[in-house]
Amino acid sequence: MKCPNKTTLFNYLQKELDQKTKKDISLHVKECAGCQKTIDTLVNNSLLVKNSLKRLEPVDIPPTPFFFKPSPRKNQTTLRPIIARIHLKPAAAWLCATAVCVAVLLGITVFRNTKSVKPNLEEVSRHIAAMEQSYLADPKQAFHQNVLCLSVYDDNKKQVKITVTNSNEKTITENVIQLN
Amino acid sequence: MPEFETTYRDLFPVIFKFLYRMLGQAQLAEDITQESFVILYHQLGEIGNPRAWLYRVASNKAKNIIKRNKTWHQIVSKNNEATVSRDMENDILENEKIRLLRKSIQSMTARDQTLLQLYMDGLSYREMAEVTGLRESSIGKFLSRAIEKCSKKLKKEFS
């Protein structure tokens, strides 16, 4: 048998080899002075390290304290533990954070635009003018010169109610217009 | 939970000694041992080998403390001060030797230090692999090299 390397001899000393290899090495070592020397060195080094580490141990070991059983953990209902378990590489984490920020900004913009829909004022003005014209064109009503128009938008700004009143604030006519 | 109680009673002194060798301070070692057992208590059903698991948790916690704590030398010196009352001269010499010993071991990589500590406690290669995350087939190589490096350092320091 060829001389085994240092690691194999070390594993042999630690009894971490399979039965066959162990037997082969055991037979070899009995007849090989070189391997016996290596084994001596390995044993001496191991003893030196073990004895040195032994000196770092405490002089007195405290008695094992009573173990206070902690209260059982509550069911995890929040997202926090789930988020904590997500492990991303820094680049991926930054990418995700950026994507979330962009999505939030986009959402805010769309929401704002939806809320700030304004009725088409030109369309409303056109309707008011037409109503005034038809009212003034009526010979019976011609003497009423002081005409006032009120317009009321509905909550969704989809329709407008136009009311024509005279100077006495009496409603003369009203019309509901659906806006495009 | 009788299984946990047996584990606690058997392994508390073992983990404490392991941590004390790494940190050099009894109170700190005891606190981390307790913390590790609290975590074990919650996860006992999910863990195959509590001994290897405890070593892994304890060594990770100790490594984090050493890495984070810039007052490592303060920890060691504080510990040394506590033992200086018996026989002054002997204690001073002994403390100096222990300081040099710690310094030699501390100058090694975290992986080598952990392997040496586990070797000291007689863990099998399989358990060492579980604790360190290394392959079982590589343990012999890394451990024998760590022992060789450590013994060289010690011979140099104490010759």
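Two residues are taken to be in contact if their C-beta atoms, placed from the backbone, lie within 7 Å. On that basis, residues 24 or more positions apart account for 39% of the contacts in chain A with a separation of 6 or more. The model is a predicted one.

Chain A contains six helices and three strands. Along the sequence its pattern reads α-α-α-α-α-α-β-β-β. Of its 180 residues, 8% count as buried.

The two chains touch. On the chain B side 28 residues take part, and they are in contact with 23 residues of chain A. Five helices of chain B each give two or more residues to this side: H1 (2-23), H2 (26-43), H5 (88-106), H6 (110-120) and H8 (136-158). By residue type, the chain B side comprises 17 nonpolar, four polar and seven charged residues.

One helix pair spans the two chains. The axes of helix H1 (residues 6-13) of chain A and H8(B) come within 9 Å and cross at roughly 95°. H1(A) is therefore roughly perpendicular to H8(B). From H1(A), the contact uses Lys6(A), Thr7(A), Phe10(A) and Asn11(A). H8(B) supplies Gly140(B), Lys141(B) and Ser144(B). This contact has one nonpolar, four polar and two charged residues.

The largest nonpolar core holds 36 residues. Within this core, Ile15(B), Leu19(B) and Ala58(B) touch the most other members. H1, H2, H3, H6, H7 and H8 of chain B each give two or more residues to the core. H1(B) provides the largest share, with 10 residues. Ala58(B) has contacts beyond its neighbours within four places in sequence. These are with Ile15(B), Phe18(B), Leu19(B), Ile32(B), Thr33(B) and Ser36(B). Another core, of six residues, lies apart from the largest one. Its members include Leu9(A), Phe10(A), Cys35(A) and Leu42(A). Phe10(A) also belongs to the contact of H1(A) with H8(B).

Helix H7 (residues 125-132) of chain B has five named buried positions: Tyr125(B), Glu127(B), Met128(B), Val131(B) and Thr132(B). These residues lie on the same side of H7(B), because they cover an arc of only 160° around the axis. Their cover includes helix H3 (50-68), H6 and H8 of chain B. Just after H7(B), Gly133(B) adopts a positive phi of about 80°.

Key:
Residues numbered from 1 in each chain as written. Chains lettered and ligands numbered in written order. Predicted model: local features only at pLDDT ≥ 70, side-chain atom pairs only at ≥ 80, totals over all residues. Helix = DSSP H or I, 4+ residues; strand = E, 2+ residues; numbered from the N terminus. Nonpolar A, V, L, I, M, F, W, Y, C, P; charged D, E, K, R; others polar. Buried ≥ 20, exposed ≤ 12 C-beta atoms within 10 Å, placed from the backbone. Arc of directions from axis to C-beta. Axes fitted to C-alpha atoms, helices over the stretch in contact; angles between N-to-C directions. Parallel < 35°, antiparallel > 145°, perpendicular 65-115°, else oblique. Core = buried A, V, L, I, M, F, W, Y, C linked by C-beta atoms within 7 Å.
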